[in-house]
Amino acid sequence: MTAKKRAFVLVLDSFGIGAAPDADKFGDTGSDTLGHIAELCAAGKAENGRQGPLHLPNLASLGLLHAAKACTGHFPEGMSTDVAITGAYAPACEISSGKDTPSGHWEMAGVPVLFDWGYFTEKENTFPPELLEKIIAAMDLPGILGNCHASGTEIIARLGEEHMRTGKPILYTSADSVLQIACHEESFGLDSLLKLCEVSRELLEGYNIGRVIARPFTGTNSSDFERTGNRRDYSLSPPSPTVLVKLANDEGEVVSIGKIADIYAHQGITKKIKATGLEALFDATLEEVRQAGDRTIVMTNFVDFDMHYGHRRDVTGYAEALEYFDRRLPELLVLLEKDDILILTADHGCDPTWHGSDHTREHVPVLIYGPNVKPGSLGVRETFADIGQTLAAYFDLPAMDHGTSFLPDIMPETA
Ligand SMILES: O=P(O)(O)O[C@H]1O[C@H](CO)[C@@H](O)[C@H]1O
Ligand SMILES: [Mn+2]
Ligand SMILES: [Mn+2]
């Protein structure tokens with residue numbers, strides 16, 4: 001009888017480990033999410049709620065710092081590298097045209113985005129008037145607010161009160177291929193916001209925009225507005241079947257935890273678990289690992305790193321969140337069975353020391369662990385799609401069109 005095959009993919013959203021070779025095309029030369037956080041921690045400049053050098057002993061054991069060194073040429077500052085390496089590790093480059101969340105996730109599932117998304121590039125008066133007219137007419141709105149590039153927390157503080165007074169939704173975007181709509185959960189209503197997003201998704205036909213994102217918030221005035229966990233992403237579908245779809249179609253289970261289902265437009269997902277916040281997402285992941293049977297992928301997106309700390313340029317918060325994640329990691333490692341594969345990775349960078357509030361084009365870590373996984377360097381991976389190709393090989397699925405499997409390196413006897 002063959003052993004159970006289970007893979008657990010944890011995406012630390014935005015956890016880059018050093019500028020990508022093509023970072024210059026994105027204005028991101030020198031960006032380094034991990035490296036810059038470590039630098040400020042080592043300098044004693046990230047002391048709010050935590051203290052001292054960045055402390056990630058469990059991720060370091062899996063090879064995080066060695067993966068960082070493989071792309072930047074040096075270990076992150078102040079971090080202890082005196083660890084026995086128990087994981088297989090590599091930095092990976094992105095071949096997708098954008099540095100956004102769907103591109104990163106689709107690529108790691110074996111389907112890079114090689115076409116160009118549509119973008120709303122104007123910083124002000126951002127959306128085409130004819131598109132706005134259609135949205136306003138379809139939803140019978142009194143008008144809209146925003147119509148610019150913005151950081152989501154800044155724009156609700158600036159326009160949230162006017163939105164509540166007038167009933168005009170707040171429309172904004174970023175460097176990503178997104179239309180974001182922020183509305184008050186009670187005064188505008190969550191259902192109305194979701195309907196507005198669905199209608200907008202349809203009216204964007206032809207613009208090739210990756211996602212419409214509902215950004216509900218609560219509170220009474222600009223000083224206490226807060227976004228809620230009811231965010232919803234309306235994504236286009238990946239252009240070809242991801243490894244998730246292939247497994248789901250071949251008697252497999254694909255469990256989505258957090259945003260994963262939305263990011264893949266619900267394609268190839270057989271079970272969805274909603275959870276908000278690092279703690280709940282981690283708890284849900286442990287529970288699904290305990291329950292997972294043969295031919296199962298459990299995939300979790302830890303969005304807080306990106307949404308609460310990367311985009312908010314909050315170095316201390318990012319460091320504290322990483323240290324929390326690292327502390328919890330052993331709870332997961334002890335649950336792994338003989339032939340399981342655990343993959344820790346990221347979808348892009350979001351350097352909290354960088355200018356603006358957008359993502360950064362970086363290498364991501366690929367850290368693999370399992371009782372049967374051979375530790376050591378996997379070199380520098382040319383595409384996140386190596387993950388998808390490896391999963392395809394592991395589950396005996398037809399090969400993906402992109403990526404090189406590293407299964408022979410991590411499990412020489414099975415490959
Ligand atoms: O500033 P907020 O609203 O968090 O938006 C950020 O989150 C979006 C989707 O992840 C990105 O495109 C970026 O603009
Ligand atoms: Mn992301
Ligand atoms: Mn983001």
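Mentor: Let us begin with histidine 359, which sits in the loop that connects β12 (341-345) and β13 (364-369). Please keep in mind that this is a predicted model.

Trainee: Is histidine 359 buried or exposed?
Mentor: Histidine 359 is buried, because 31 other C-beta atoms lie within 10 Å, and the cut-off for buried is 20 or more.

Trainee: Which residues does histidine 359 contact, apart from its neighbours within four places in sequence?
Mentor: Its contacts are Ser14, Lys99, Asp100, Asp176, His348, Gly349 and Cys350.

Trainee: Which residues does the UniProt "binding site" annotation cover?
Mentor: In the unreviewed UniProt entry, that annotation covers Asp306, His311 and His359. These residues are spread over 54 residues of sequence, yet they cluster in space, with a largest C-alpha distance of 8.4 Å.

Trainee: And where is aspartate 306?
Mentor: Aspartate 306 belongs to helix α11 (residues 304-310). It counts as buried because it has 26 C-beta neighbours inside 10 Å. Residues up to four places away in sequence aside, aspartate 306 touches Asp13, Ser14, His311 and Cys350.

Trainee: Turning to the strands, what is their order in the open sheet?
Mentor: The open sheet has eight strands in the order β10-β9-β11-β1-β12-β13-β2-β14, with mixed pairing. Its edge strands, β10 (271-273) and β14, each pair on one side only.

Trainee: In what sense do β12 and β13 pair, parallel or antiparallel?
Mentor: They pair in the antiparallel sense, over three bridges. Isoleucine 343 has isoleucine 368 of β13 as its bridge partner.

Trainee: Which residues have the most contacts inside the largest nonpolar core?
Mentor: They are Leu244, Val366 and Ile368, in a core of 90 residues. There is also a second, separate core of 30 residues, which includes Ile144, Leu159, Leu204 and Phe225.

Trainee: What does valine 366 contact, leaving aside neighbours within four places in sequence?
Mentor: Valine 366 is in contact with Tyr89, Ala90, Ala92, Ile343, Thr345, Leu378, Arg381 and Ile387.

Trainee: One more topic: why is helix α3 described as largely enclosed?
Mentor: Seven of the nine residues of α3 (residues 64-72) are buried, so the rest of the structure largely encloses the helix. What covers those buried residues includes α1 (33-42), α2 (57-62), β2 (88-92), β13 and β14 (376-377).

Trainee: What follows α3?
Mentor: Glycine 73 follows, and its phi is positive, near 90 degrees.

Terms used: Residues numbered from 1 in each chain as written. Chains lettered and ligands numbered in written order. Predicted model: local features only at pLDDT ≥ 70, side-chain atom pairs only at ≥ 80, totals over all residues. Core = buried A, V, L, I, M, F, W, Y, C linked by C-beta atoms within 7 Å. Buried ≥ 20, exposed ≤ 12 C-beta atoms within 10 Å, placed from the backbone. Contact = placed C-beta atoms within 7 Å. UniProt positions renumbered as here; feature names shortened; annotations may be inferred. Helix = DSSP H or I, 4+ residues; strand = E, 2+ residues; numbered from the N terminus. Pairing = 2+ DSSP bridges.
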